[in-house]
Amino acid sequence: MATLSEKKTCSERMENFRRFIWNPETKQFMGRTLINWVWISLYYLAFYVVMTGLFSLSLYSLMRTLNPYEPDYQDQLKSPGVTLRPDVFGERGLQIYYNVSDNKTWDGFITTLQTFLTAYTPAAQHLNINCTSDTYFIQDTFDGPNKTKLSCKFTSDMLQNCSGLTDPTFGFPEGKPCLIIKMNRIIKFYPGNGTAPRVDCTYVGDDSRPLEVDYYPVNGTFNLHYFPYYGKKAQPTYTNPLVAVKLLNITRNEEFKIVCRVVGTGIISDNVHDPYEGKVEFRLKIDD
Amino acid sequence: IQLLEVTQHVETHKHIKSDDHKLSTEELEEKYGTSISKGLSSARAAEILARDGPNSLTPPKATPEIVKFLKQMVGGFSILLWIGAAFSWISFGIQFAQGAESPFDNLYLGVVLALVVILTGIFAYYQEAKSTNIMASFSKMIPQQALVIRDAEKKELPADQLVVGDIVEIKGGDRIPADIRLIFTQGCKVDNSSLTGESEPQSRSCDFTHENPLETRNIAFYSTTCVEGTATGIVINTGDRTIIGRIASLASGVGNGKTPIAIEIEHFVYLVAGVAISIGVLFFIISVSMRYKILDSIIFLIGIIVANVPEGLLATVTVSLSLTAKRMAKKNCLVKNLEAVETLGSTSIICSDKTGTLTQNRMTVAHLWFDDQIYSADTSEDQTTQPFDQSSQTWTALSKIVTLCNRAEFRPGQENLPVMKRVVVGDASETALLKFAEVVLGDVMDIRARNKKVAEIPFNSTNKFQLSIHETDDRNDKRFLLVMKGAPERILERCSTIMINGKEEPLDSEKAEAFQTAYMELGGMGERVLGFCHLYLPENEFPDTYPFDTDSMNFPTSNLCFVGLLSMIDPPRSTVPDAVSKCRSAGIKVIMVTGDHPITAKAIAKSVGIISATSETVEDMAKRLNVPVERVDRRQATAAVVNGMELKDMSLQQLDEVLCNHSEIVFARTSPQQKLIIVEGCQRQGAVVAVTGDGVNDSPALKKADIGIAMGIAGSDAAKNAADMVLLDDNFASIVTGVEEGRLIFDNLKKTIAYTLTKNIAELCPFLIYIIASIPMPIGTITILFIDLGTDIIPSVALAYEKAESDIMNRRPRNKSKDRLVNEQLAVYSYLHIGIMQSVGAFVTYFTVYAEQGFLPTTLLGVRVNWESNAINDFEDSYGQEWTKYQRTYLQWTGYTAFFVSITIQQVADLIIRKTRRNSIFQQGLFRNKVIWVGIFSQIGIALILTYGLGHVTALNFTPLRFQYWFVAVPFAILIWVYDEVRKLFIRRYPGSWWDKNMYY
């Protein structure tokens, strides 16, 4: 086999490159004459305009097929996720570490809770109705204003000792902090199959020792009249019901791992892949 | 002449200091410590063997396997992928040190990338090794045996055990086992063609006839063959020290360059790597300036590299080439070097041997002259009858002479073989006559038995005739028949009458004139002419007891009756003229390079079409115009027959001029050394040159050629070693099928690359839009690898089976500097047209999946940071629902799967449009290439398995996708097909137009 490629010197390469940029003989700029460049640009312009048009048309027709009230599928939302407030997310997940004697360590937690609960003031909830029934609040028609559905009121005072009203420090300085558990909204999800789901917090890994907690509202239940959720468009003022957990007897200067599950039929909390489905785990350490 | 050139050739490099041919037998015995009667002792032989090594040629130095393997590991795109892997590990290291949540993703990605490189490297290495193995097994031959005298005993030894001083005996048919100084010969003739290319056997004797060891008659050379007779000799050189060994080692010095396809692939790799690196760096800068973390930017960079690099492509190219190599092997072209498959396709000049390649390599009776008329005989390979007029009495007489005055015999035990295939003991002309007679008359041996031979004078160079006297098979005719054949003018001299229509007529000047005309005509056709005459000896003078004595010649050898002429030629193979005309229409120049006589060479060149019927050489023109050769305008002559002697005196410029100005060239009487000069001359014209050769000293030219083609049957090992390809049937026509395959694979590789490059854009766009618009990641790096190395592999190989769109043998060979494998049009059309359409289709699917699960397109813009945050487990969608991180990630994987599926679906369309570059799919036919359908089904099958079978393996990032999402991209697939049909329609309608120039790749 013979050598086919002949080596070019650097200056030859530069010369070739210059000729490529502007070739005075053929009046070509980067391999094309100017008029050719105009044509090709026009072609690409037209091509991309058409492609953009097709893309927009596709998305437009996609939007036309969608139901504005609820998504077509909830493949991933079989069971709700559970979240915790305050939610300080460290390297090892949710962690609530503070020192009772150092208010700087827990100020942040209180602010988070207060900010979170501003959505639950009577003023914020004034469009929602008071519900008393302990069954699902099923609405087949749009009874609310502007073709909406009604939502039940959940005000922070329902959290009693943990409402931040009686104790603005949520028990943090006493070493008996209030934590708020929230269950994620899923449209037309009926938790508990007729019985109100409730929150149950335990130590992780050490079952022998019961965790002393107070739940607010009583029993730590999410009342059934907050369910089902009909979506943002139908229930623009809907707020998630909450359960507050007041940890009563936490040994100081020791780190604990605590899990709060939402217990109820249809709520899965043993998905190995998803640590936040049906439960929330966090680490707690209170120093003094 | 030729031997002298070889000598010069060899001497310029290594001086031959040998005077063994001048020494007497006794001196030789002394020099080598041997005895002619007893040979060496076994112990002494073993000593010498230990000193000199075995008597075999050292095979050319092979690249160590590990180096070949490592080359595969770093060649092509591997470097880019290694960089990607390194970046992955670096970012893993950083993340791990920072204690981030899931740093192992990057570790795995790095491992996967490294695995991809290693596996594709192993694959390519394996493919290479496999094709090399075919060759290795081929070249392994039955070990040669030699008859040696050792310890005063005759022994059969493997030839590689021979040592200097051994006494060997050879007989007709043997290959000479080493360089031998002959000490005893009997009618020994050797065929030196493997050394010199000269096909005429040369006699060997014990006499010192020439100063030059290569010219003298008392030395026989290693690897030449003894044609007839027997000889005994002393081994004077073994192994690499033989003349052949020296030439072979010379050949290995000729440089080995890159094949055209290797250059094309390199060009392509640079192009894609250039695109990958520039886009990567550009977006690295963009992402850094958009305040992404450096680490994130590095991860984007990896993604961009992975998306841009067609990981599976080089493996695909290797497979396609080896498929073609296999196909070619079936058509008798055995390819040693995979890349040579394509080289043959870009060949623009073929320098072909005559003997054996263009011709059948056997003398055959071509014409007869009797009754003042020339008859043509059938010279095809498988003649069973001869159609010429056999009714004349003269023919009966002539056939008798042909049959009887002939010493050649069939080897026994071949009665069932066709006549043409039988092995004959005898020289080439006699063999031709024997076979001719056998075909026409039937059992020759039986005729000879019935006409018992009573005396014979074999042919010798002084009297130039052969004579024998026979009894006749006619019981009533007691006369003896004297038959004679020989050089026509010598035969005519001895005749006083001539047979016309079975009657003896006096040989007057008019008849002699007719003889001359016929003789000239046959000779002018380059044929070897023999004259035949006979005489019935009068019964009264020669009774059946008459003692014939061949020494005193006590019988008449003049005043005979001239019967006729037979002319013989090594006829062209019947497939060759067609193949040459195919070459011509394919724009390939066929140059004949032969050691034969110019007249014979020209005659064969004319009969196979290398010199076409209408074209003339300068000499022809001079003859026609009746002017001296010097006054003819050389430029008007399209053909040229160049003699080796002329070539010797030519300057390089003159040679270039000849090669340039004449389209039909024959080089005659050339030495193998001159072949090299011719090849170099052709390469100076910028041609891709294929050279055929069989002799050892062809090997430098074979190496020098862009593609060296060795003959599988007649070829020497050295030629096969130097060549890139071996013609198993030694047939020129096989080269043409090879050219066709080579051109086809070039076209098909274009299609494969176009197919593969297209989806790179659909894999790249997600990253770019992810960086710019901060949407959730549309496709994962691992998923991309599943496309590149999973679904796309079989379809891109399937394109290698595509039939040619038009007659590829009707266009000129590609211009290697202009017709690139991957040209601008191909890249632009794949990247910026079809690639963009694919991306749009895939993005529509992506947005559909997200929208139907709750995230409308508008919601997705700018969500990247929150979306990917592990801390946010109540991420709100467009409907107010809240999602945990895992639920989002799972949706993201569903998005990956949807994107993957859409690319796959659209690649089906891409595959179909890539079947043709110019013709409509309907012209090409959807079902002619069945393998394409295997490709389509495999593609969809693999996608189904990944999606539904492995959809639960989280590490692979596939999810069982809802079935309807498979169809979202279908309209875009149809659009791709329609767009491409329109493109091809305009290309066909408006050739040479702006559209054609910009859209045809």
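What percentage of contacts in chain B between residues at least 6 apart in sequence join residues at least 24 apart? The share is 71%, where contact means heavy atoms within 4.5 Å. The model is predicted: local features need pLDDT of at least 70, side-chain atom pairs count only at pLDDT 80 or more, and totals for chains, interfaces and linings use all residues. Residues are numbered from 1 along each chain as its sequence is written, chains are lettered from A and ligands numbered from 1 in the order in which they are written, and side-chain values use heavy atoms, without hydrogens and water.

**Chain B overall**

- Chain B has 36 helices and 28 strands. Helices (H or I, at least four residues) and strands (E, at least two) are DSSP runs, numbered from the N terminus.
- The C-alpha trace of chain B spans about 135 × 70 × 55 Å along its principal axes.
- Of the 1001 residues in chain B, 57% are buried. Buried means under 20% relative accessible area, exposed means over 50%, and partly exposed lies in between (1.4 Å probe, protein chains only).

**Helix 27 and its two partners**

- Two packed helices are described by the angle between their axes and the distance between the axes. Axes are lines fitted to C-alpha atoms, for helices over the stretch in contact, and angles run from 0 to 180 degrees between N-to-C directions.
- In chain B, the axes of helix 27 (residues 781-791) and helix 32 (residues 885-914) come within 10 Å and cross at roughly 30 degrees. That makes helix 27 of chain B roughly parallel to helix 32 of chain B. Angles under 35 degrees count as roughly parallel, over 145 as roughly antiparallel, 65 to 115 as roughly perpendicular and the rest as oblique.
- Helix 27 of chain B contributes B:T783, B:F786, B:I787 and B:T791 to this contact, and helix 32 of chain B contributes B:Y896, B:F900, B:I903 and B:T904. These residues divide into five nonpolar, three polar and no charged. Ala, Val, Leu, Ile, Met, Phe, Trp, Tyr, Cys and Pro count as nonpolar, Asp, Glu, Lys and Arg as charged, and the others, Gly among them, as polar.
- The axes of helix 26 (residues 732-773) of chain B and helix 27 of chain B come within 11 Å and cross at roughly 175 degrees. This pair is therefore roughly antiparallel.
- B:K759, B:E763 and B:F767 of helix 26 meet B:T781, B:I784, B:I787 and B:D788 of helix 27.

**B:T947**

- B:T947 sits in helix 34 (residues 930-949) of chain B. B:T947 is buried, with a relative accessible area of 0%.
- A polar atom of the B:T947 side chain lies 2.5 Å from the backbone oxygen of B:A943.
- Apart from neighbours within four places in sequence, B:T947 is in contact with B:T897, B:F900, B:V901, B:T959, B:P960, B:L961 and B:W966.

**Backbone features in loops**

- A cis peptide bond joins A:R85 and A:P86, with omega about -5 degrees. A:P86 is in the loop between strand 4 (82-85) and strand 5 (89-90) of chain A.
- The peptide bond from A:Y216 to A:P217 is also cis. Its omega is near -10 degrees.
- B:N501 is not a glycine, yet has a positive phi of about 50 degrees.
- B:R669, also other than glycine, has a positive phi near 50 degrees. B:R669 is partly exposed, with a relative accessible area of 37%.

Key
A polar contact is a pair of N or O atoms within 3.5 Å; within protein, one must be able to donate a hydrogen and the other to accept it, and residues adjacent in sequence count only if both atoms are side-chain atoms.
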